[in-house]
Structure formats: structure tokens, C-alpha cells
Amino acid sequence: MTFVPSVLTSIAVPPTITSGMPFEATLDYMSSSYYHPDAGCNWMGVAGQAVDMNNSPVLYLTIHISGVLAGKVIDYYSLTGTAPNYGQAGFEFVLGEKAIASSDAVWIQLMDQQNLPMTNQVKITTYNDCAKNLVMIRFKKVR
């Protein structure tokens, strides 16, 4: 499967401009039913991909997601390229079994193979809404 923009719920979230950082992040929200049709609203997560300046996939970068969501500590790592359903450089984090509302309680950051930051920490808002239980993040190289 590939990313299908027509199923996104557009939210006015400006790109995270990371002064001096080589990547910027954009966020969109959608129902997870496209990627997890059997889960319905019993799923919540963050997923996406990393691309270079030509929109080609960038593999094996580290993704770190951390924070506290509904009293549960979140501190996970993954690599781009581990969830190809979201694109060749896709990644995915499962955050829970239901949609939960939060404001800036969780952040995500792209890092290189030496764990040096490629973006600043990007704060994530989550919603108690099945139509927005998947946060889609696209990291794009800008420098």
C-alpha cells in the first residue's frame, strides 16, 4: 500500500521549521482504518516516512517518540523503512487501543544513525476521534 492523501483529514498545522536542521516535519490526521481496517477505533498511532529533497525515500534513520499519554509513559525508537505500508521509508508507532485526546504531551524526533538530531522535537496533538486516530508525519530534507 502507498500513502493516499485523499483519505486525510486536513488540519491547519504549519510545518515545523527546524532552524538549521536538515529536515522539517509536516503532520496530518486521518482514520487508521485505511491501514488497520480490522481495528476500527480500537487503535491509535503515529506513522509516516522520511524523504530527501527529491521526495526519494531515506532509509535507516532513527525515529524517537516520547512523552506521557493518558498516564502511560511513551518512549519508543524505530527506523525509517520498517513499515513499508506507509512508503519505502515508512515507520509506525502504536500508541494505544483507543483514540485519546492530548495536547503536546508526546513528541517525535528524527535522528541520524549516530543519534544526532535531524529535527527538533516535534510536539504532537492527539484527538479522541476515530477519524483522527492516526497521526501521519512526513519528514522532508530541506538542506
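How many disulfides does a search of the whole structure find? I find one. I count a disulfide as a pair of cysteine sulfur atoms within 2.5 Å.

Ground rules. I am working on a predicted model, where local features need pLDDT of at least 70, side-chain atom pairs count only at pLDDT 80 or more, and totals for chains, interfaces and linings use all residues. Residues are numbered from 1 along each chain as its sequence is written, and side-chain values use heavy atoms, with hydrogens and water left out.

Entry: the disulfide. I looked up the partners, which are Cys41 and Cys130, with sulfur atoms 1.6 Å apart. The angle about the S-S bond is -95°, and the link is left-handed. Cys41 sits in the loop between strand 2 (23–30) and strand 3 (44–51), and Cys130 in the loop between strand 8 (122–126) and strand 9 (134–141), so the pair ties together parts 89 residues apart in sequence. Strands are DSSP runs (E, at least two residues), numbered from the N terminus.

Entry: accessibility. I take buried as under 20% relative accessible area, exposed as over 50%, and partly exposed as in between (1.4 Å probe, protein chains only). Cys41 is partly exposed at 28%. Cys130 is partly exposed at 34%. Thr80 is buried at 0%.

Entry: Thr80. I place Thr80 in the loop between strand 5 (72–79) and strand 6 (90–96). A polar atom of its side chain lies 2.8 Å from the backbone oxygen of Val58. The backbone nitrogen of Tyr60 lies 2.9 Å from a polar atom of the Thr80 side chain. Beyond neighbours within four places in sequence, Thr80 is in contact (heavy atoms within 4.5 Å) with residues including Ala50, Leu59, Ile63, Phe91 and Leu110.

Key:
Helix = DSSP H or I, 4+ residues; strand = E, 2+ residues; numbered from the N terminus. Polar contact = N/O pair within 3.5 Å; in protein donor to acceptor, adjacent residues only side chain to side chain.
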